[in-house]
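Please keep the sequence and the structure in view while reading.

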Amino acid sequence: MMFAELKVRGSKVRIPFVCRMCGECCRKLSKVVYDPRDGKVYMEDLDVDYVDIPEEYREFSHPIKIPCPFLKDNVCSIYSIRPKSCRDFPLLTGDLGVNCPALKSLKRFLEAFNPDEVKYVVEDDVDPIVIPKEFLKLFKSLNPTKEELKAFMRLNKVRHTFKLSKHLDL
């Protein structure tokens, strides 16, 4: 999971980065190169020769950068073992000209929270942190997608406050 951990007026809150699965980063930034001289695919300096190369690239006589062959229906077919550059994009790398819609959404959330400090995190397993109820209200008011709201709730627990007098009928 990728997220931004913010410090806002002495409290912490985590804002998720939720990929929109548009596939643009895999098409535009792929570090995959096909070399027809030896019929192999090279990816981030790793020789990977078990990839089926699209027919349109087989006639080239020099190495050519191609969209990632592991992108299938806008989903990474090797997600659990994807390269580090893919794991880090775009939080740790920046947009790099992709015009990532998920990064735009994250930046909109960050701007609304007006944090004192921002730390970007790429971790698979994190325990949720407790946040003030107002942070949940603010996040909801920004019209997140269902996926963004679910991810927000997984990363953050809302501190429930209630008035005792309400529950005692005073």
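Are Phe109 and Phe139 buried or exposed? In this predicted model, both Phe109 and Phe139 are buried.

**Packing of α4 and α5**

- Helix α4, which spans residues 133-141, packs against helix α5, residues 146-155, at an angle of about 165°, and the two axes are 11 Å apart.
- Because angles over 145 degrees count as roughly antiparallel, α4 is described as roughly antiparallel to α5.
- The crossing in which α4 passes α5 is right-handed.
- On the α4 side, Phe135, Leu136, Phe139 and Lys140 take part in the contact, and they meet Glu148, Leu149, Phe152 and Met153 of α5.
- Sorted by class, this contact of α4 with α5 has 6 nonpolar and 2 charged residues, with no polar ones.

**Aromatic pairs**

- Searching the whole structure gives 3 aromatic pairs.
- In one of them, the ring centres of Phe109 and Phe139 are 4.6 Å apart with the planes at 50°, so this pair is tilted.
- Since Phe109 lies in helix α3 (residues 101-113) and Phe139 in helix α4, the pair ties together parts that are 30 residues apart in sequence.
- Phe139 also forms a stacked pair with Phe152, at 4.1 Å centre to centre and with 10° between the planes.
- That pair links Phe139 in helix α4 to Phe152 in helix α5, 13 residues apart.

**Burial and cluster**

- Phe139 has a relative accessible area of 0% and is therefore buried, and Phe152, at 0% relative accessibility, likewise counts as buried.
- Phe109, Phe139 and Phe152 form one aromatic cluster.

How values were computed
Residues are numbered from 1 along each chain as its sequence is written. This is a predicted model: local features need pLDDT of at least 70, side-chain atom pairs count only at pLDDT 80 or more; totals for chains, interfaces and linings use all residues. Side-chain values use heavy atoms; hydrogens and water are left out. Axes are lines fitted to C-alpha atoms, for helices over the stretch in contact, and angles run from 0 to 180 degrees between N-to-C directions. Helices (H or I, at least four residues) and strands (E, at least two) are DSSP runs, numbered from the N terminus. Angles under 35 degrees count as roughly parallel, over 145 as roughly antiparallel, 65 to 115 as roughly perpendicular and the rest as oblique. A crossing is left-handed if the near helix is turned anticlockwise from the far one by less than a right angle, and right-handed if clockwise. Contact means heavy atoms within 4.5 Å. Ala, Val, Leu, Ile, Met, Phe, Trp, Tyr, Cys and Pro count as nonpolar, Asp, Glu, Lys and Arg as charged, and the others, Gly among them, as polar. Rings of Phe, Tyr and Trp (its six-membered ring) pair if their centres lie within 6.5 Å; planes under 30 degrees apart count as stacked, over 60 as edge-to-face and the rest as tilted. Buried means under 20% relative accessible area, exposed over 50%, partly exposed in between (1.4 Å probe, protein chains only).
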